[in-house]
Amino acid sequence: MSQGTLFIISAPSGAGKTSLVRELIESLDGIQVSVSHTTRAMREGEVNDVNYHFTDVAEFEAMIARGEFFEYARVFDNYYGTSRQAVEVLLGAGQDVILEIDWQGAQQVRLQMPEAVSIFILPPSRDELERRLASRGTDEHAVIARRMRDAVSEMSHFHEYDYLVVNDDFTTALQELQSLVISRRLSCSRMSECHAPLLTALLS
C-alpha cells in the first residue's frame with residue numbers, strides 16, 4: 001500500500017481555512033484532519049477523540065518528554081499538540097492527513113518530515129480580512145485590531161510554504177485545494193506503488 005501524504009495547512013484567522021478544510025475532506029475520499037491533543041477543558045458539544053484528544057497537563061508534559069509530538073505549543077495556559085504516532089499510522093495506511101497548524105508548528109513539522117506538502121491560505125485583501133474578523137460578533141475595536149496584528153504576523157511567513165491559495169471566491173479556493181491533493185496522488189512514485197500489478201502487466 002502506498003504511503004499517504006501529509007498536508008500542512010495554515011492561514012490567519014478570518015481567511016476561511018476551517019470551512020475550506022471541512023469541505024475538502026467531505027469532497028474527497030482518503031483524507032482526514034489529524035485530531036490534536038489539548039489540555040484545555042472540553043466545551044459544550046465537543047466529543048473526546050473527535051474534536052480533540054483531551055488530556056491533563058501531567059500526561060501532556062510526559063508525552064513531550066517522550067518525544068511523542070510532531071509539534072506542540074502553549075497557548076493561553078493550555079497545551080496543543082500533534083501526535084507523531086497517530087499521524088504516521090494514518091499515513092502508513094495510505095491515508096492523506098491534514099494538519100491545521102500555525103507557521104511555528106509548520107516549521108517544527110517540516111524539520112521532521114521535509115516531504116510534507118505545505119499550503120498557506122490568504123484572504124483577498126486586508127479590508128476583507130478585517131470585515132470577516134469584525135463580523136464574528138460584537139468584539140471591541142481593540143480586539144479586532146489585535147486580531148489584525150496577529151493575522152499580519154502570521155501572513156508574513158507565507159513564503160515558507162509550497163503553495164498559496166487566495167480565498168476570494170470560496171468555490172475556486174476549494175477547487176484549488178482539491179487540485180493540490182489530487183495532483184499529489186497522481187505523482188509517479190505514488191501511482192507506481194498503487195498500480196504496480198498494472199504496470200507489470202503493461203510492460204511484460
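**Note on a predicted single-chain model**

1. Among contacts in the chain (heavy atoms within 4.5 Å) between residues at least 6 apart in sequence, 67% join residues at least 24 apart. This is a predicted model, in which local features need pLDDT of at least 70, side-chain atom pairs count only at pLDDT 80 or more, and totals for chains, interfaces and linings use all residues. Residues are numbered from 1 along each chain as its sequence is written, and side-chain values use heavy atoms, with hydrogens and water left out.

2. The chain has nine helices and nine strands. Helices (H or I, at least four residues) and strands (E, at least two) are DSSP runs, numbered from the N terminus. The C-alpha trace spans about 70 × 45 × 30 Å along its principal axes. Of the 204 residues in the chain, 38% are buried; buried means under 20% relative accessible area, exposed over 50%, and partly exposed in between, with a 1.4 Å probe and protein chains only.

3. An open sheet is formed by four strands in the order β4-β3-β6-β5, and its pairing is mixed. Two strands pair if DSSP finds at least two bridges between them. The edge strands, each of which pairs on one side only, are β4 (53-54) and β5 (69-75). As a general point, strands of a sheet pair through backbone hydrogen bonds, either parallel or antiparallel.

4. Within this sheet, β5 pairs with strand β6 (residues 78-83) in the antiparallel sense, over six bridges. The two strands form a hairpin with two residues between them, and phenylalanine 76 in the turn has a positive phi of about 50°. One of the bridges can be located by its residues: alanine 73 has tyrosine 80 in β6 as its bridge partner.

5. Leaving out residues up to four places away in sequence, tyrosine 80 touches His37, Thr38, Arg40, Tyr52, Phe60, Glu71, Tyr72, Ala73 and Val75. Tyrosine 80 is also 27 residues from histidine 53 in sequence, while the two C-alpha atoms are 9.7 Å apart in space.

6. Aspartate 49 is placed in the loop between β3 (37-38) and β4. Its phi is near 70°, which is a positive value in a residue other than glycine. With 46% relative accessibility, aspartate 49 counts as partly exposed.

7. Helix α1 (residues 17-27) packs on helix α7 (residues 170-185) at an angle of about 55°, and the axes are 10 Å apart. Axes are lines fitted to C-alpha atoms, for helices over the stretch in contact, and angles run from 0 to 180 degrees between N-to-C directions. The two helices are therefore oblique to each other: angles under 35 degrees count as roughly parallel, over 145 as roughly antiparallel, 65 to 115 as roughly perpendicular and the rest as oblique.

8. By class, the residues of the contact of α1 with α7 are seven nonpolar, three polar and one charged. Here Ala, Val, Leu, Ile, Met, Phe, Trp, Tyr, Cys and Pro count as nonpolar, Asp, Glu, Lys and Arg as charged, and the others, Gly among them, as polar.

9. Isoleucine 31, in strand β2 (residues 31-33), has a relative accessible area of 7% and is therefore buried. Apart from neighbours within four places in sequence, isoleucine 31 is in contact with Phe7, Leu24, Ile25, Gln95, Asp96, Ile98, Val181 and Arg185.

10. The axes of helix α5 (residues 126-134) and helix α6 (residues 141-155) come within 10 Å and cross at roughly 130°, which makes α5 oblique to α6. The crossing is right-handed. Arg126, Leu129, Glu130, Leu133 and Ala134 in α5 meet Ile144, Arg147, Met148, Ala151, Val152 and Met155 in α6. The contact of α5 with α6 comprises eight nonpolar, no polar and three charged residues.

Terms used. A crossing is left-handed if the near helix is turned anticlockwise from the far one by less than a right angle, and right-handed if clockwise.
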